[in-house]
Amino acid sequence: MSAPVRNVLAAFDRIPEPWQPHRLVSVNDQDVKVARLRGEFVWHSHPDSDELFLVVDGRLTLQLRDGDVELGPNDVYVVPAGVEHCPRADEEALVVMVERQGTVNTGDNPGERTTEVRELRED
């Protein structure tokens with residue numbers, strides 16, 4: 001049995017709130033997540049996993065301790081494992097993230113923004 005076709009843009013329509021990552025699909029031991037980002041997240045790192053960011057729409061600033069990385073539509077950046085970062089979107093950004101299954105969104109800095117990955121609901 002094959003997996004269903006998933007549309008990235010349609011997936012964003014199913015996500016009502018910012019900073020609520022939803023699993024689009026999984027491949028091998030990686031989750032492909034989609035999220036609406038707006039405002040500033042929390043400083044954190046993922047000690048054992050890289051994190052890929054792909055901006056579909058809007059602009060995203062990945063604040064790093066040694067300087068910011070600015071991403072626009074269709075830009076991709078990988079935050080290496082263990083590198084502290086703080087995503088910020090001054091206006092809403094639609095973002096695809098790829099990270100190891102089981103990776104917590106707030107990494108090594110749990111708090112009120114920590115959330116389990118959600119599954120996209122089917123219509």
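A nonpolar core is a set of buried Ala, Val, Leu, Ile, Met, Phe, Trp, Tyr and Cys residues joined through side-chain atoms within 4.5 Å. Buried means under 20% relative accessible area, exposed over 50%, and partly exposed in between (1.4 Å probe, protein chains only). This is a predicted model: local features need pLDDT of at least 70, side-chain atom pairs count only at pLDDT 80 or more, and totals for chains, interfaces and linings use all residues. Residues are numbered from 1 along each chain as its sequence is written, and side-chain values use heavy atoms, with hydrogens and water left out.

**Nonpolar cores**

- The largest nonpolar core has 16 residues; Leu37, Phe53, Leu60, Leu62, Leu71 and Val95 touch the most other members.
- Strands β2, β3 (51-57), β4 (60-64), β5 (67-71) and β7 each supply at least two residues of this core. Strands here are DSSP runs (E, at least two residues) and helices are DSSP runs too (H or I, at least four), numbered from the N terminus.
- The largest share of this core, four residues, comes from β7.
- Leaving aside neighbours within four places in sequence, phenylalanine 53 has contacts that include Leu60, Leu62, Leu71, Tyr77, Pro87, Val95 and Met97. Contact means heavy atoms within 4.5 Å.
- A second, separate core holds nine residues, among them Ala11, Phe12, Leu94 and Leu120.
- In soluble globular proteins, nonpolar side chains tend to be buried together.

**Salt bridges**

- The structure holds seven salt bridges. Each is a side-chain nitrogen of Lys or Arg within 4 Å of a carboxyl oxygen of Asp or Glu.
- Lysine 33 pairs with glutamate 99, with the closest N and O atoms 2.6 Å apart. This pair links distant parts of the chain: lysine 33 is in strand β2 (residues 30-40), glutamate 99 is in strand β7, and they are 66 residues apart. Lysine 33 and glutamate 99 are buried.
- Glutamate 92 bridges to arginine 36, with the closest N and O atoms 2.7 Å apart. Glutamate 92 lies in β7 and arginine 36 in β2, so the pair ties together parts 56 residues apart in sequence. Glutamate 92 is partly exposed, at 31% relative accessible area, whereas arginine 36 is buried, at 14%.
- Aspartate 31 and arginine 23 meet through their side chains in a salt bridge (2.7 Å, N to O). Aspartate 31 is buried, with a relative accessible area of 2%.
- A network of salt bridges links Arg23, Asp31 and Glu119.

**Aromatic rings**

- The whole structure has one aromatic pair. Rings of Phe, Tyr and Trp (its six-membered ring) pair if their centres lie within 6.5 Å; planes under 30 degrees apart count as stacked, over 60 as edge-to-face and the rest as tilted.
- Tryptophan 19 and phenylalanine 41 form this pair, which is stacked: 4.7 Å centre to centre, 20° between the planes. Tryptophan 19 lies in the loop between α1 (8-13) and β1 (22-27) and phenylalanine 41 in the loop between β2 and β3, so the pair ties together parts 22 residues apart in sequence.
- Tryptophan 19 is buried, at 8% relative accessible area. Phenylalanine 41 is buried, at 8%.
- The charged end of arginine 65 sits over the ring of tryptophan 43, 3.7 Å from its centre. The cut-offs are NZ of Lys or CZ of Arg within 6 Å of the ring centre and within 35 degrees of the ring normal.

**Threonine 103**

- Threonine 103 is in the loop between β7 (85-100) and β8 (118-119). Threonine 103 is buried, at 16% relative accessible area.
- Beyond residues up to four places away in sequence, threonine 103 touches Lys33, His46 and Ser49.
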